[in-house]
Amino acid sequence: MTTCGDVIVVGRGPAGLLFSSLVAQNRGSVILVADAQGSFPLWGGQWDFCNYTDDGEHVLDPYQWWQQHPSAWDEVRDASTWTLRWQHLMTLWQEIGIPVPDRVPKLNRWMVTPLGQLRPTYWVANWHFVMERPGPLVFVDVPGLVDFRAEVVARVYTATTGQMAKTFRLAVPSGWRRDWHALNWAWFLDSKAGQDWLGQALRDQVRAGEEAVVFPQILGVDHCEEVLEVAQRVLGRPVAEVPLPPPAVGGIRIQRRWEYWLRRHGIQLVSARVTAANRHSVTLQDGRALAADAVVLATGGILGGGLEIQPSGSVRNTVTGAVIGTLGDQLLGAVGHRNWDESVPVIGRMIQGWNPDKRGNGGAMNLWTAHVAYQAFIGHTALAREN
Amino acid sequence: MVVVIGGGCTGLGVAWDLILRGVPVTVVEARELGSGTSGRFHGLLHSGGRYAVTDPVSAKQCRQENEVLRRIAPSAVESVGGYFVSVDDGVESYMRDWIAGTQSAGIPVTEVSVETAIRRLPGLNPRVQRAFAVADAVLKGFELLDLLRVNGERRGVTILTETRVTQVQTVNGQVSGISVRTKDGERRIPCDAVVNAAGPWAGQVAQLFGERVQMELSSGLMLIYSNRMVPSVVNRLAPPGDGDIVVPHGRTVILGTTEVPQVDPEPPEPTRESAEYLQSLGQAMFPEMNRWRILRAFVGVRPLFEGNGVVPQSRVSRDFTVVDHGRQGGLQGAFSVMGGKWTTFRLMGERTADVVVEYLHQSSPSISAHTVLEPDAPREKHSASSTICECERVSEAQLLDQMAEPFDNWRTRTWFAMGPCQGTMCAHRAVSLRMQYTDVEGGLDELTNLRRERERGVRPVAWGTNARELALTEALSCQTLAEGVAHDHLR
């Protein structure tokens, strides 16, 4: 058996990368094992804190909501702990090179969906369109992009908010094909030629006005700041994006930057499927075994593949094989652990009342569980060293 | 003029047979064509083998109609062939009866070696003892309904959908017309005769005639798997029971079925327990079936009828019955056709029309067994159009072609949202295309309804990969698209 590292993290979604970063920032060593791409490409990149009440009403002040509601941990009600953790994420992302403002938001803000409806959100990168209150907007129609029909988005937005919404249609560059989806556009706009073309195409659209211009999320992958800069300069007003269904460019941007940063900090990424795990070791599908001071599973819920539903309805941890319960009539996104009592710590998955689909608290869930696991991990390591 | 109540295969079959004899017909359907049992079956065009022992009349009808449908509707029949395989111990005496039964019904059967069966049917239980090839085929139900609609309308059949019959009018004990309710209000349609072809709703429609008919409804669960795992129909050679048919259908296979007595003509919701039970039975034929990627479950209601009162459910014949209510001392010019199977819909139409034309004092014979149902001219291919549904390759242009249709028809005519992702990635695209032509609120409601309709069939079989797919649907729908969230307070 290879003895290595301080910790083995299984899974490369947001919880896995955040936990790995916490260990790496404190000079621990991490082996990050994942067999697939993780959940980042599924999401536009927003981290939700708490969007909705039990009754589906939107939450304006998520700090207040958490203070007023009991949870698995008393600590969760403490606004200052939340603030510290969001501030940590802010400085971490800034170091990684994911652009975020210098202050964490106090309140939820509104984002626009690909159907022109509004939903609250809390934590987003600067490219992501959010607003404190609805105002007049311009939506950009991108030819061939069936996930975002600007005309419909504008109509729904106006019907929803009573605000004016205009649209304009982007031209197409040479070499464009009708089957280009968001990523094709984004890779094209990453190039110098793409940015030059965009500048020219937008120059024809410049009109008087101050409304923000909202694009579907296509404005580059690795060079999105440059693409946004071109658009903002030519249009002379704020430009931001609406995230689209997967493959979502925003999540891909974040994952690429974050994993690059982790590699630079000496984290080893192993591409393999984990077939068994206990507190101190994992077995890979090819027969290798890895050992460490600790193992943390960030393998996701049912969608991520960390949990599996059997025909009988029983829910099984796909790595440890433990049966953790039976499916009721809840949303599948809410299937998780009643308590944090598994043999191997699990992060980034539902625990007692967290419900990313219904409550909109998926970002908070990742943030909180990664920090709790990290505290437990350093406590455990300190104890081991004392002994 | 004759009014036919019910726009399933039976009603359209009656209308087709009548119009071919020169009798003017109006079909009145409360919902959409095929929205009852006709749109909810496993797709098997029976060779007759299934009923060779228990139901010789149906066996023979199936054998004959199988040949007729291949002739008159070749575009709606896929000649995949079928097998009866014996995987159980202790069925030797049934097998002897079955072979004798197929012979007396004239059903061609060829025994194949076990090795051949295993080679032709990948994944077949290696414990198979004997295997017999039969002429089972696949009936593409929605296509055949569409053929009946197109050909019927071409010859003058009037089809009224979303039209509910509220009353039957009489003069001197004879039918003189019906009243219908549509979304535009009530109106009256004069007619000389009314045919009740309402499938599981036949009992309710008969009440409009002042008649009471005893339906013996039963529901059957079916499971759809997302790949064509077997190339031919496979039947378990044992007394007909649950979970004993596997039918390849397009790029999927369907496992059928169960038989649960019920009173309500509306199909019950499929349940996880019954789906797990059905799959475990299917594993007797294909032991690895629990590893196949399941897609969804659906339930159909068999409109069976036992004129002589209550008999044990499993023994209700798949044969059909035509009742001339006038001859039984009831309303003159009122007829009901009950029971039967998709496979025998044309024969049901013919026999019903025989009785109706006699009542109308006409003598023209049925020619539906010899009249080919001609498909519409194939539509142009739209290569310069974006793809909306990637699973089923449905383009924007195809959806625009059918835009005038009600939402559910729009889906079944184009087949969007019917593939492995069940609309996860395309439902909002299709709806947003539609919203360019409809009002905003209506479009968002349709999206909610579509999600709900798809989930009903997916959730009972949410296990393995399919559960991940449903979790993705829920996450996209709740988070990325924030569907169903009210924002009135923002205005």
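What follows is a request about one sheet and a connected reply.

Colleague: In what order do the three strands of the open sheet in chain B run, and which are the edge strands?

Modeller: The model is a predicted one, and the account below should be read with that in mind. The three strands form an open sheet in the order 10-11-12 in chain B, and their pairing is antiparallel. Strand 10 (164-171) and strand 12 (185-190) of chain B are the edge strands, each of them pairing on one side only. From one strand to the next the twist averages 25 degrees.

Taking the pairings in turn, strand 10 of chain B and strand 11 of chain B, the latter made of residues 174-182, are joined in the antiparallel sense over seven bridges. Within this pairing, B:Arg164 has B:Arg181 of strand 11 as its bridge partner, while B:Gln167 stands opposite B:Ser179, again in strand 11 of chain B. The hairpin of strand 10 and strand 11 of chain B has two residues between the strands, and in this hairpin B:Asn172 takes a positive phi near 50 degrees.

As for the setting, the secondary structure of chain B comes to 13 helices and 23 strands. The radius of gyration of chain B is 23 Å, close to the 23 Å that the globule rule gives for 491 residues, so chain B is as compact as a globular protein of that length. Taken along the principal axes, the box filled by the C-alpha atoms of chain B is roughly 75 × 65 × 45 Å. Buried residues account for 61% of the 491 residues in chain B, and, among contacts between residues at least 6 apart in sequence, 71% join residues at least 24 apart.

The buried residues of helix 10 are B:Phe407, B:Asn409, B:Trp410, B:Arg411, B:Thr412 and B:Thr414. They pack against several elements of chain B, among them helix 5 (141-154), strand 23 (394-395) and helix 12 (440-458). Helix 10 of chain B is followed by B:Trp415, whose phi is positive, near 75 degrees.

A last point in chain B concerns B:Gly464, which lies in helix 13 (residues 464-480). B:Gly464 has a relative accessible area of 24% and is partly exposed, because buried would require a value under 20%. Although B:Gly464 and B:Arg293 are 171 residues apart in sequence, the C-alpha to C-alpha separation of B:Gly464 and B:Arg293 in space is 7.8 Å.

Methods:
Residues numbered from 1 in each chain as written. Chains lettered and ligands numbered in written order. Predicted model: local features only at pLDDT ≥ 70, side-chain atom pairs only at ≥ 80, totals over all residues. Heavy atoms only, no water. Pairing = 2+ DSSP bridges. Helix = DSSP H or I, 4+ residues; strand = E, 2+ residues; numbered from the N terminus. Axes fitted to C-alpha atoms, helices over the stretch in contact; angles between N-to-C directions. Rg over C-alpha atoms; globule rule 2.2 N^0.38 Å. Buried < 20%, exposed > 50% of the residue type's maximum accessible area, 1.4 Å probe, protein only. Contact = heavy atoms within 4.5 Å.
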